[in-house]
Amino acid sequence: MARFRRKTCITLIGLVLFIFVITIVLKSLRPEGSGFGSPFGLGLFPHLDRPEEGHVQPQVGDMANSKVGTDAKIPPQERVAEPETMLSSLPTPNYNLHGFYYTWYGNPQFDGKYIHWDHPVLPHWDAKVAAGYPKGRHNPPEDIGANFYPALGAYSSRDPSVIEAHMQQFRTAAIGVVAISWYPPDTKDDNGEPTDDIVPLILEVAHKYQLKVAFHIEPYKGRDDLNMYSNIKYIMERYGDHPAFFRYKTSSGKLLPLFYVYDSYLLSSEKWASLLKENGRHSVRNTAFDGLFIALLVEEKHKSDILSGGFDGMYTYFATNGFSYGSSHSNWRSIKSFCDGNNLMFIPSVGPGYMDTSIRPWNFQNTRNRINGKYYETAFGAALEARTDIISITSFNEWHEGTQIEKAIPKTAGKTTYQDYLPHKSDAYLEITRKWAEKFDKEREKWLV
């Protein structure tokens, strides 16, 4: 019996030692910082933690419960790689390709509230028509003012990780210039908050990705020739020395900043001439604040107003083919001819589609279906046929109007099923852009021969 007890004790001691050794080995396999979870977590099998290559991303579930867009980090599949290790694998940025970029989004974590994702439903101008449509505001994060849902959730434009993800997406698409929507300090759009203080971080991250930043000047309240001079001066003095600040080399060899001026037609050509003609009362010409000023072309009659106002060129902005004279692809060659004859730049704006019925539920007539990317490719084809030096993209992330090329995901929330990029992946429009950026480069080489 004593011998039996001795054997039993030896066996138990051996078993305890065996379990101890196994525990030490398993702890060594556990990813650092994983806490007390299973050592066989997904961290050891990364292929189980993300969608398989070529498969569509799974639909995001309850965004409110997962807190995406409030206080959660960016989903693992949307995190960015370190630029130092991945820049060489990305396409070369095309500085003749400009993407319109909006920084007006906010969420509770970074801004104390949702901004722009809670966009109000805009009423029709005819009260009788308006009566037949819903009113009120959207209620993020499940219900946002958009027909598509961003892969990053209802994000804040102030979130450094979001800016990082966006600049990587710009670079992935080979877009070289970030055309940032800009309001002067302490001014804002009707539904947002001031955003000028975000610009320094965007410049820094853009520079990291070898991108450039141009300014898309919005129609802020009281905009005229005098305060435009002050604001151009402000931009140049505050941001002009940054290495990411975009300058375009003109045919005369000058390097000048380029400014898009949205809704330029709201100010008379006489007022613009005061700023943009050499003999103007508040002229920037031949000063340290000179630049290339690009007006918005909407109606055909605006061509002569743009010319007499002293602008250096025109762009079309709207992604809805046929919505305006300027946004109609069929007019681009004749517009280019007019610009060539008057020493003006023509910058057509291409877009992947248009859908704004989440904020304008009555505006179905202006919807332009993406047709799985064909609409976007047709727009690029028209721009290349016009042989323009620069092409602008409407837009990188104007979610309200459904013109975004930023990554989007399939999502259903309550009775709302958001539009998506299926059967393609979330980065489909970045890839289409990259392909046409390369085509654009090759075509320009032929034109310049």
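In which handedness of crossing does α12 pass α13? I looked this up before anything else. α12 passes α13 in a right-handed crossing. I note that this model is predicted.

**Entry: α12 and α13**

I took the residue ranges next. Helix α12 covers residues 374-385, and helix α13 covers residues 428-447. I read an angle of about 15° between the two, with their axes 11 Å apart. Angles under 35 degrees count as roughly parallel, so α12 is roughly parallel to α13.

Then I listed who meets whom. From α12 come Tyr376, Glu377, Phe380, Gly381 and Leu384. On the α13 side I found Tyr429, Ile432, Thr433, Lys435, Trp436, Lys439, Phe440, Glu443 and Trp447. I sorted the residues of this contact by class: eight are nonpolar, two polar and four charged.

**Entry: α6 and α7**

I moved to helix α6, residues 160-172, and helix α7, residues 199-208. Their axes come within 9 Å. They cross at roughly 40°, and α6 and α7 are therefore oblique to each other. I checked the handedness here too, and the crossing of α6 and α7 is right-handed.

Which residues in α6 meet α7? I found Pro160, Ile163, Glu164 and Met167. Their partners in α7 are Leu201, Ile202, Val205, Ala206 and Lys208. In the contact of α6 with α7 I counted seven nonpolar residues, no polar ones and two charged ones.

**Entry: Glu164**

I stopped at Glu164, which sits in helix α6. Is Glu164 buried or exposed? Its relative accessibility is 13%. Buried means under 20%, so Glu164 counts as buried. I also looked for a side-chain partner. A polar contact of 3.2 Å joins the side chains of Glu164 and Lys208. Both residues were already on my list for the contact between α6 and α7.

**Entry: α8 and α9**

My last pair was helix α8, residues 225-239, with helix α9, residues 269-276. I noted an angle of about 35° and axes 9 Å apart. The crossing of α8 and α9 is right-handed.

Which residues of α8 and α9 make the contact? Asp225, Met228 and Tyr229 belong to α8. Lys271, Trp272, Ser274 and Leu275 belong to α9. By class, I wrote down four nonpolar residues, one polar and two charged for the contact of α8 with α9.

Terms used:
Residues numbered from 1 in each chain as written. Predicted model: local features only at pLDDT ≥ 70, side-chain atom pairs only at ≥ 80, totals over all residues. Heavy atoms only, no water. Axes fitted to C-alpha atoms, helices over the stretch in contact; angles between N-to-C directions. Helix = DSSP H or I, 4+ residues; strand = E, 2+ residues; numbered from the N terminus. Parallel < 35°, antiparallel > 145°, perpendicular 65-115°, else oblique. Left-handed = near helix turned anticlockwise from the far one by under 90°. Contact = heavy atoms within 4.5 Å. Nonpolar A, V, L, I, M, F, W, Y, C, P; charged D, E, K, R; others polar. Buried < 20%, exposed > 50% of the residue type's maximum accessible area, 1.4 Å probe, protein only. Polar contact = N/O pair within 3.5 Å; in protein donor to acceptor, adjacent residues only side chain to side chain.
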